[in-house]
Amino acid sequence: MLNEQDRAIINQGNWFNNCSNHLQHDLICHAKVVELNAGESLFLRGDNNCGVYCVISGVARVSGGNAQGKEAVLSFIPQAVWFGEVALFDGGSRTHDVYAQTTLRLVHVSERALSKLLTEHPAYWRDFGVLLSQKVRLLFSSLEDQALLSARQKVCKCLLMLTAFDSNSSSIYLSQQQLADITYLTRQTINQLLQALSKQGKIALHYQRIDILDKPALESCLNLPL
């Protein structure tokens, strides 16, 4: 059951905050809390549509894999962000795997509840269309970054994005390979860039953890010439 703190976090989300009041009320009324330990899967590619989710605390990891079991990290989902809406539109199966990167607490609204709400209130489709379009905008922005930013800028921007997920912490829990996947760089390049940032006192490296020591310095890297 949602408590007041859960609701306060959900209300921080840009999409939810701009939904109609009726949809906000209906989503909360049908919401259930799901909790996962770090490393557990929420759903996997090919699974049936099970509804939509919103992260209350922790970080979810979106990834894909091949037949040999190799995982490629595509993105991370922070607090107050809703996801899972793609299958809502096309009725298809899940397109990617979603895991708990850290201990994870989520809100879940089932596919059955959503179908009933959308049948009774067709106007809600527009709000979910807005959610989907926001993801498309983020995709275009990511593609632009891959084309225009240097390797160093890609790493700095990714680190800043990940630390922004939790304003109360300067620690980022991920492996260098995961950082390589999400920035489309090699593991060797990531290691070289992180070692350089560490020597400059901008970050501190630990096993599967990066501490941000000088956030303004990382931000300044984004404004340097390529």
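What follows is a walk through the sheets, helices and side-chain contacts of this structure. The model is predicted, so local features need pLDDT of at least 70 and side-chain atom pairs count only at pLDDT 80 or more, while totals for chains, interfaces and linings use all residues. Residues are numbered from 1 along each chain as its sequence is written, and side-chain values use heavy atoms, with hydrogens and water left out.

Helices (H or I, at least four residues) and strands (E, at least two) are DSSP runs, numbered from the N terminus. Two strands pair if DSSP finds at least two bridges between them.

Strand 3 (residues 52-57) and strand 8 (residues 104-109) run antiparallel and are joined by five bridges. Val52 has Val109 of strand 8 as its bridge partner.

Axes are lines fitted to C-alpha atoms, for helices over the stretch in contact, and angles run from 0 to 180 degrees between N-to-C directions.

A salt bridge is a side-chain nitrogen of Lys or Arg within 4 Å of a carboxyl oxygen of Asp or Glu. The whole structure has seven salt bridges. In one of them, the side chains of Arg105 and Asp6 meet at 2.7 Å, N to O. Arg105 belongs to strand 8 and Asp6 to helix 1, so this pair ties together parts that are 99 residues apart in sequence.

Next come the helix pairs. Two packed helices are described by the angle between their axes and the distance between the axes. Helix 3 (residues 21-30) packs with helix 6 at an angle of about 85 degrees, and their axes are 10 Å apart. These two helices are therefore roughly perpendicular to each other; angles of 65 to 115 degrees count as such, under 35 as roughly parallel, over 145 as roughly antiparallel and the rest as oblique. His22, Leu23, Asp26 and Leu27 of helix 3 make the contact with Tyr124, Asp127 and Phe128 of helix 6.

Leu143 also has its place in helix 6 (residues 124-148). Together with Val136, Leu139 and Phe140, Leu143 forms a nonpolar patch on the surface, with about 390 Å² of accessible area together. Patches are made of residues with over 30% relative accessible area and no salt bridge, joining nonpolar side chains (Val, Leu, Ile, Met, Phe, Trp, Tyr) within 5 Å and like charges within 9 Å. Accessible areas come from the Shrake-Rupley method with a 1.4 Å probe, and for residues only the protein chains shown count as cover.

Helix 7 (residues 151-164) and helix 8 (residues 176-183) pack at about 110 degrees, with axes 10 Å apart. Helix 7 and helix 8 are therefore also roughly perpendicular to each other. Lys154, Val155, Cys158, Leu159 and Met161 in helix 7 meet Leu179, Ile182 and Thr183 in helix 8.

A further open sheet has three strands in the order 9-11-10, with antiparallel pairing. Strand 9 (171-172) and strand 10 (203-206) each have a single partner strand, so one side of each is left without a neighbour in the sheet. Two bridges join strand 9 to strand 11 (residues 209-212): Ser171 stands opposite Asp211, and Ile172 opposite Ile210. Strand 10 and strand 11 are joined by four bridges and form a hairpin with two residues between them. Helix 9 (residues 187-199) lies across both of these strands, running at about 125 degrees to strand 10.

Notes. Contact = heavy atoms within 4.5 Å.
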